[in-house]
Amino acid sequence: MTLLRAWFAIPLWKRVLGALALGLVFALLWPQATPAVQFMGDLFVRAIRMLVVPIVLVTIASGITALGDPKRIGGLGARTIGLFALTTAVAVSVGMAVATLVRPGVGAPLGSATAKALGTPPSPYEQLIGIVPTNIFDALAKGDMLAIIFVAILLGVGTLVAGEAGRPLAGLLQSASAVLLKIVGIVMEATPFGVFALIAVAVAANGAKVFVNVGWLAVAVVLGSAIQIVLVHSVILKVLARVPVGRFFRSIIDAMVVAFSTASSSATLPVAMRIAEQKLGVGRPVYSTVLPLGASIGKDGTAMYVGLLSLFSLQAFGTPMTPTVYALVLLTGALAAFGTAPVPSASLFMLAAVLSAVGIAPEQTALVVGFVLPFDRLLDMTRTVPSASANLTVATTVARWEGELDEEVLRTRVDTNMAQPDTTPRSG
């Protein structure tokens, strides 16, 4: 019991960072043993993904019912989508600017890569009509996030406009949301063990040489991610949300670490929702609507990477960079990022849609994927961090606009964490 108390006395983010460091050392010193610990990472990711679909369905619906006034739905949704569209477009621009500056694709040995089949990417029309599922249960089973979000919005709106008749269902949704978040708290206590295994397996599989092979592309991804977080998100927080930037980022470190270790916006959703409520003071009607939506369309890291990798590919193939090419990459990159699934390496699939718009053949795109794929996991981990930061930035900003931001929670929680260790087990 003494050891358990000491374990829980350490803040979760410190336990996670310690596990990350141990996983790196374990992989470098004993790589042949990493298959023995892989099950911990697999179980951790499966447990989180198990929760994603019910969380998205229930929390969006319950968040809408918590608004109380049907008139607030339109304003909240428009502000959220508009802000995500802005950050996504800026992220693509950042990726393109970094690629233009660093020029990582010049001289890239794409000819030595093995082509990887991508399949046929969905057209914009297919993505659009796919939002409305023909079978709700099929969408739930497949984890089709945009369709699930559509169903959740309809369920919440229908419950809200039903008035008195919808109150029992609204209460059930609120209760189910609270229970799910408690389950999330339990699962998140396993984060250090999952992170240890995930990092160990990734490093053992790729080795330190991946950082030599990827070279300037890795530098560009890190630089683009840092610019998106430090400059773009900080400006939004300072100007639009009017919150202390330093305190905000200290509060969301748990979500950023989980985003890095799992390389999945969807997997980061449960801990992000807990942070929004307990550390940022974002009201439930806002965070339970904005964050699940952000897990699907809030892809700053993916957007930055799509813009960066598109120019990397064009540089590698010697394609002339004209204003028209830049405009096409910006437009198709932003749209592709909106439709990318919240799972690791999904942006490589969407790359085909962007490159085809500027005349790159599918066979050439497959060569790019073959070159990048061996070390994409580590790059994916890096670029997922700005996506997690963007989702919480947008949630905080929208909460400010909606009058659902409790500044006292943000200030008190961070000051308390800085003054003394948090000895309470995180349970929701």
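1. P192 sits in helix α9, residues 191-206. Setting aside neighbours within four places in sequence, P192 touches W7, L12, R15, V16 and A19, where contact means heavy atoms within 4.5 Å. M40 is 152 residues away from P192 in sequence, yet the C-alpha atoms are 9.9 Å apart.

2. A word on the basis for all this. This is a predicted model, with local features needing pLDDT of at least 70 and side-chain atom pairs counted only at pLDDT 80 or more, while totals for chains, interfaces and linings use all residues. Residues are numbered from 1 along each chain as its sequence is written, and side-chain values use heavy atoms, with hydrogens and water left out.

3. Now the overall picture. Of its 428 residues, 52% count as buried. Among contacts between residues at least 6 apart in sequence, 86% join residues at least 24 apart.

4. On the surface, have a look at the nonpolar patch made by L24, V25, L28, L29 and W30, which together have about 530 Å² of accessible area. Patches take residues with over 30% relative accessible area and no salt bridge, joining like charges within 9 Å and nonpolar side chains (Val, Leu, Ile, Met, Phe, Trp, Tyr) within 5 Å. W30 lies in the loop between α2 (12-29) and α3 (38-66), and is partly exposed at 47% relative accessibility. W30 also belongs to a ring cluster with F26 and F196.

5. That brings up the aromatics. There are four aromatic pairs, by a rule that takes rings of Phe, Tyr and Trp (its six-membered ring) with centres within 6.5 Å and calls planes under 30 degrees apart stacked, over 60 edge-to-face and the rest tilted. F248 and F249 make an edge-to-face pair, because their ring centres are 5.2 Å apart and their planes stand at 85°. Both F248 and F249 are buried. Elsewhere, R383 lies over the face of Y305, 3.6 Å from the ring centre; the criterion is NZ of Lys or CZ of Arg within 6 Å of the centre and within 35 degrees of the ring normal.

6. The two Phe residues come up again around S389. S389 is in helix α20 (residues 376-402) and is buried, with a relative accessible area of 0%. Beyond its neighbours within four places in sequence, S389 is in contact with I229, H233, F248, F249 and I252.

7. Helix α13 (residues 253-262) is largely enclosed by the rest of the structure, since eight of its ten residues are buried. The buried ones are D254, A255, M256, V257, V258, A259, S261 and T262. A263 follows α13 and has a positive phi, near 55°.

8. A couple of other backbone spots deserve a look. Most residues other than glycine have a negative phi. R103, in the loop between α4 (71-102) and α5 (124-129), has a positive phi near 55° and is partly exposed at 47%. R242, in the loop between α11 (216-241) and α12 (245-251), likewise has a positive phi near 55°.

9. Finally, charges. The structure holds six salt bridges, each a side-chain nitrogen of Lys or Arg within 4 Å of a carboxyl oxygen of Asp or Glu. K279 pairs with D254, with the closest N and O atoms 3.7 Å apart. This pair links distant parts of the chain, 25 residues apart: K279 is in the loop between α14 (265-278) and α15 (284-297), and D254 in α13. Both K279 and D254 are buried. By contrast, R167 and E164 bridge at 2.9 Å, N to O, with R167 exposed at 54% and E164 exposed at 59%. R284 and E277 form a bridge at 3.8 Å; R284 is partly exposed at 23%, and E277 is partly exposed at 31%.

Note on methods:
Helix = DSSP H or I, 4+ residues; strand = E, 2+ residues; numbered from the N terminus. Buried < 20%, exposed > 50% of the residue type's maximum accessible area, 1.4 Å probe, protein only. Areas by Shrake-Rupley, 256 points an atom, 1.4 Å probe, with all protein chains shown as cover.
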